[in-house]
Amino acid sequence: MKINFKIIAMAKVACAGKCDSLDEKRIVPKMMLRRRLTRGSRLMVYLADACGFSEGAVVYGSAYGEMQATADIVGAIDVNEPISPTAFQNSVYNTAPSYFSLLHKNKSEILTVSNGNATSRNVLQTGALQAVTTGKDVLLVCCEAINIPNIDEVNSCTEYLESGVALTLVPTDEEANVEVAELEHKGFAPSLWNMLDVLIACESQESAVVALEL
Amino acid sequence: MITTNKLKTELIELFNLEGVHVDEIADDDHLFGDGLGLDSVDAIELTIFLDNEYGIVFSNISESETVFASIKTLQEYINKNESN
């Protein structure tokens, strides 16, 4: 079943290495919270801010999750050292949207999706269902932060080691005015492609309405 | 022997206290609460740090509460008990 959604806001970010200008000091003024943010969390709060979204339901997706925190844990196990509690709490897939909720005191529902290359497709489906269920706007975010030491040993296809895409959508009775084509987004992790498809299709429309498959 | 300034530098790096400089931290500043503002997760992180870097393992919780009172008490304890 297809339902039409109005795209209220959208944003993307892509950096070959570490994204240096994510405006963290303005977005997260409290240093004691900012100091714990993972790279994925920094990307997510930046994208949410770019979409003007601070309150409401969030669907977050990442194929690789919190790579640095996971690498820290594996590294500690490898050298037989105790695991850092910060790395432990930062290693879960919903770390980024959780920090977002702490930052904005957002008590709305958070859903986290991870399904390899189909991650952003599933985020779109889950977000669409969430928007239909609640009738309110929902923030959809997909991020990948794989910029860890030695990543070049296993990565040869993803140019943007830190990247993300965000959309805010709400169900509408208006006709769809945008055709979404499935494209190959070279340099981006494939887990972001389906949301990038929507973003690119909507960029040229002032008030974009897309039909999404539930 | 570790100096208070060296310890402050290590704590700033350990806890990623961006924008905080050594000369802004007083020797008698509390580590938790109204001092540096560290929390319970940081307490575990600090315990692991002391073990890894100085070979210090606390035998009971109440001992660590006293040691973690301030920069000065921590520095004195490290200098008295380090084994690495």
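Predicted model: local features only at pLDDT ≥ 70, side-chain atom pairs only at ≥ 80, totals over all residues.
Analyst: Helices (H or I, at least four residues) and strands (E, at least two) are DSSP runs, numbered from the N terminus. Residues are numbered from 1 along each chain as its sequence is written, and chains are lettered from A and ligands numbered from 1 in the order in which they are written.

User: Why is T3(B) called exposed?

Analyst: A residue is exposed if 12 or fewer other C-beta atoms, placed from the backbone, lie within 10 Å of its own, buried if there are 20 or more, and partly exposed in between. T3(B) has 10, so it is exposed. In space, T3(B) lies 7.0 Å from Q75(B), C-alpha to C-alpha, although 72 residues separate them in sequence.

User: How do you know that chain B agrees with a compact globule?

Analyst: The rule, taken over C-alpha atoms, is 2.2 Å times the number of residues to the power 0.38. For 84 residues that gives a radius of gyration near 12 Å, and chain B has 12 Å, so the two agree. Its C-alpha atoms fill a box of roughly 35 × 25 × 20 Å along the principal axes. Chain B has four helices and zero strands, in the pattern α-α-α-α, and buried residues make up 19% of the chain.

User: What makes helix α8 (residues 193–203) of chain A mostly covered?

Analyst: Eight of its eleven residues are buried, among them W193(A), M195(A) and L199(A). These buried residues pack against β1 (2–15), α7 (119–134), β4, β5 (162–171) and β6 (209–213) of chain A.

User: Which strands of the open sheet in chain A are at its edges, and why?

Analyst: The order of the six strands is β3-β2-β4-β5-β1-β6, with mixed pairing; two strands pair if DSSP finds at least two bridges between them. β3 (110–113) and β6 each have a single partner strand, so one side of each is left without a neighbour in the sheet. Further in, β4(A) and β5(A) pair in the antiparallel sense over eight bridges, and A166(A) in β5(A) is the bridge partner of V141(A).

User: Which residues touch the most other members of the largest nonpolar core?

Analyst: Such a core is a set of buried Ala, Val, Leu, Ile, Met, Phe, Trp, Tyr and Cys residues joined through C-beta atoms within 7 Å. Of its 56 residues, M44(A), L140(A), V141(A) and M195(A) touch the most other members. Strand β4 (residues 138–145) of chain A brings the largest share, seven residues. A separate core of 13 residues includes L11(B), F15(B), L46(B) and Y77(B).

User: How many residues does each chain give to the contact between A and B?

Analyst: Residues are in contact if their C-beta atoms, placed from the backbone, lie within 7 Å. Nine residues come from chain A and twelve from chain B. On the side of chain A, α2 (31–34) and α5 (85–90) each supply at least two residues, and α5(A) gives the most, with three.

How values were computed:
Contact = placed C-beta atoms within 7 Å.
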